[in-house]
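Student: I have a structure open and some quick questions about it. Can we go through them one by one?

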Amino acid sequence: MEDGDAGLLYVTAPDGAKIAAEVIVPARPVVATLLLVPGLGYGPWSWAPQRAEFAADYRVVLLHNRGTGASDAPAGPYSIDTLADDAAAVLRSLGSPPTHVVGTSMGGYVSLRLAAAHPDLVASVVVIASSPGGPGALPVPERTAMLWRDHAHLTGEEFARRTMPNSFAPGWTEAHSREYAELLAARMASPVSPEAWASQSAACAEFLTHGLRGVGPHQPVTGIHGTADRVVPFENLAELGLQLPRTQRIALPGAGHLCWLERPGDVNEAIRDHLARAGAVPIPAEPTSLAAL
């Protein structure tokens with residue numbers, strides 16, 4: 001792709017599934033590549049604030065997890081290892097230097113596993129509203145699990161309508177009704193089948209039980225988490241620090257599970273700080289010469 005281009009890339013995963021990713025190449029010199037990995041049942045639409053923030057300075061790769069978007073949706077079961085191998089196939093096809101990976105919720109599980117299993121491909125990791133899994137991690141609260149079970153029979157569109165408000169901080173959807181309506185419409189424009197959602201959900205449950213199995217990433221890691229998260233409890237941020245002691249941890253008071261959508265300014269600033277610490281600082285644009293005007 002040439003500078004300024006954006007388009008879909010298709011690769012073949014180790015098991016033969018077709019995996020898609022949107023690749024955005026900025027017009028200005030690329031300092032690094034960012035791989036953005038979405039969460040359970042979510043697609044690239046969920047990265048809109050981060051795409052707008054980072055696409056001018058970085059090559060941004062928006063992964064379509066298997067079961068979502070333009071990727072294949074093979075019959076399950078899925079695993080976090082499989083999803084990480086999908087991401088690795090995308091990165092290898094790009095042939096770029098080690099990539100900075102940002103994952104939300106399930107995407108955080110994938111990002112940690114990707115960094116541990118394919119260290120040559122990953123320079124650093126940011127996990128948002130996520131968990132390292134394992135015996136010390138807290139699972140999805142029963143109230144949220146029951147909400148999902150009670151609506152699991154619905155179409156992807158209706159499931160989203162009934163359950164998505166729970167992923168925001170209490171009261172956020174009412175206070176930001178217009179923003180919420182836009183986000184819901186974006187999600188419903190790219191629905192996920194109940195079967196694919198269930199396969200991803202099973203992968204999450206298995207990871208939360210067994211975690212990284214003692215093999216965590218050695219790359220720099222930053223964890224960002226809202227204190228009012230009703231999907232992946234906030235206490236998992238502390239567990240991330242226990243399992244990966246060098247992790248930079250950032251708490252967002254009052255933010256819900258979808259904190260990167262609720263508070264994009266705070267989350268984007270934290271990502272930029274992480275990238276700066278990892279040495280991926282954008283090259284300042286040269287000022288326009290008056291003589292050239």
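Student: Is Arg272 buried, partly exposed or exposed?

Tutor: Arg272 counts as partly exposed, at 24% relative accessibility. Buried means under 20% relative accessible area, exposed means over 50%, and partly exposed is in between (1.4 Å probe, protein chains only). This is a predicted model, where local features need pLDDT of at least 70, side-chain atom pairs count only at pLDDT 80 or more, and totals for chains, interfaces and linings use all residues. Residues are numbered from 1 along each chain as its sequence is written, and side-chain values use heavy atoms, with hydrogens and water left out.

Student: OK. Which residue does Arg272 form a salt bridge with?

Tutor: With Glu53; the closest N and O atoms are 2.9 Å apart. A salt bridge is a side-chain nitrogen of Lys or Arg within 4 Å of a carboxyl oxygen of Asp or Glu. Arg272 lies in helix H11 (residues 264-277) and Glu53 in helix H1 (residues 48-54), so the pair ties together parts that are 219 residues apart in sequence. Helices (H or I, at least four residues) and strands (E, at least two) are DSSP runs, numbered from the N terminus.

Student: How many salt bridges are found in the whole structure?

Tutor: The search finds 12. One of them pairs Arg66 with Asp15, with 2.9 Å between the closest N and O atoms. Arg66 is in the loop between strand E4 (59-64) and H2, while Asp15 is in the loop between strand E1 (6-12) and strand E2 (18-24), so this pair links parts 51 residues apart in sequence.

Student: Which of those two is buried, and which is exposed?

Tutor: Arg66 counts as buried at 2% relative accessibility, whereas Asp15 counts as exposed at 51%.

Student: New topic. At what angle do H2 and H3 cross?

Tutor: Roughly 70 degrees, and the axes of H2 (residues 80-94) and H3 (residues 106-117) come within 8 Å. That makes H2 roughly perpendicular to H3. Axes are lines fitted to C-alpha atoms, for helices over the stretch in contact, and angles run from 0 to 180 degrees between N-to-C directions. Under 35 degrees counts as roughly parallel, over 145 as roughly antiparallel, 65 to 115 as roughly perpendicular and the rest as oblique.

Student: Which residues meet there?

Tutor: Among them are Leu83, Ala87 and Leu91 in H2, and Tyr109, Val110 and Leu114 in H3. Contact means heavy atoms within 4.5 Å.
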